[in-house]
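Welcome! Open your viewer, switch to a cartoon view, and get ready to select a few pieces one after another.

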Amino acid sequence: MSKLTKNQKSAVEKIEAGKAYSLKEASSLVKDITFTKFEASLDIDVRLGVDPRKANQMVRGVVTLPHGTGKTTRVLCICTPDAEAAAKEAGADYVGLGEYIEKIKGGWTDIDVIITMPSCMGKLGPLGRVLGPRGLMPNPKSGTVTMDVAKAVKEVKAGKIDFKVDKGGIVHSSIGKITFTPEQIYENAKEFIQTLIKLKPAAAKGTYMKSIFISSTMSKGIKVDPKSVVD
């Protein structure tokens, strides 16, 4: 068994085994146990009391984090020529139609989000094998298929993210960077969790929020008491 480094020992000592911290405590503690030399990402994992195999218990949605994600999101807007100027003004990194369809067909996926219009989805449909596995296929439910592409671009650039419960009933998402203040971490995490609460399926029975953990890249997970998040 490998020995713990000095920093790892320090992190272990700061976390009380089995304790569920309040969200505010966890938002501060995660900074104290992160020792990476790079700007680590902040992650949240929420285990829900749902059965994702049943359509009426699927949890999927979008949330705009108050302080953004801390990273630059590269946005491609696939739209008709009349909407290109507005998309560019809104901050889209790439704007166009045919040329980008061809680039994607050639394997180009150097982007984080694709926003498009309903009339353009027919051209993107055949690219499902390329875009689907990378989570890039636009979806009306996440707001990435819309007539108002400029508004969608602005929201994504401001920190709007989409999420979906996985097969194990867990929702995982990045909610910022370790350089955020404890208050910024708290507010982003709280907004994310309360959005999940609002999306509770009527068919879900028993405890909805089974567990919440916050961590940074390569840090230990900090258990959060769900009751500390509900107003």
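Start with the hairpin of β8 and β9: it has 5 residues between the strands, and there methionine 218 takes a positive phi near 75°. The labels come from DSSP runs numbered from the N terminus, with helices (H or I) of at least four residues and strands (E) of at least two.

Before moving on, a word about the model. It is predicted, so to speak of local features we need pLDDT of at least 70, and side-chain atom pairs count only at pLDDT 80 or more, while totals for chains, interfaces and linings use all residues. Residues are numbered from 1 along each chain as its sequence is written, and side-chain values use heavy atoms, with hydrogens and water left out.

**Stop 1: around β8**

Select residues 222-224, which are strand β9; 3 bridges join this strand to β8, and the two run antiparallel. Two strands count as paired if DSSP finds at least two bridges between them. Look across from isoleucine 214 and you will find isoleucine 222 in β9.

Now colour residues 209-216, strand β8. Is this strand mostly covered or uncovered? Mostly covered: 6 of the 8 residues in β8 are buried. Here buried means under 20% relative accessible area, exposed means over 50%, and partly exposed lies in between (1.4 Å probe, protein chains only).

**Stop 2: β1 and its partners**

Select residues 41-48, strand β1, which 7 bridges join to β8 in an antiparallel run. Two pairs to click on are aspartate 43, opposite serine 215 in β8, and leucine 42, whose bridge partner in β8 is serine 216.

Another 7 bridges join β1 to β7, again antiparallel. Isoleucine 44 stands opposite serine 173 in β7. Why is β1 largely enclosed by the rest of the structure? Because 6 of the 8 residues of β1 are buried.

**Stop 3: an open sheet**

Next, show β4, β3 and β5. These 3 strands form an open sheet in the order β4-β3-β5, with parallel pairing. At the edges are β4 (94-96) and β5 (113-116), each pairing on one side only. Neighbouring strands of this sheet are turned by 15° against each other on average, direction ignored.

Zoom in on β3 (residues 75-78), which 4 bridges join to β5. Valine 75 has valine 113 in β5 as its bridge partner.

Axes are lines fitted to C-alpha atoms (for helices, over the stretch in contact, meaning heavy atoms within 4.5 Å), and angles run from 0 to 180 degrees between N-to-C directions.

**Stop 4: the largest pocket**

Select Asp112, Val113, Gly135, Ile161 and Asp162: of the 36 residues lining the largest pocket, these lie nearest its centre. On a 1 Å grid over the protein atoms alone, a pocket is an open set of points where a 1.4 Å probe fits, with protein on both sides within 12 Å along at least five of seven lines; lining residues have an atom within 4 Å of a point. Among the elements that each supply at least two lining residues are β2 (60-64), β5 and α7 (149-158).

**Last stop: the whole chain**

Zoom out. The chain has 8 helices and 9 strands, and its C-alpha atoms fill a box of roughly 60 × 45 × 35 Å, taken along the principal axes. Of its 231 residues, 44% count as buried.
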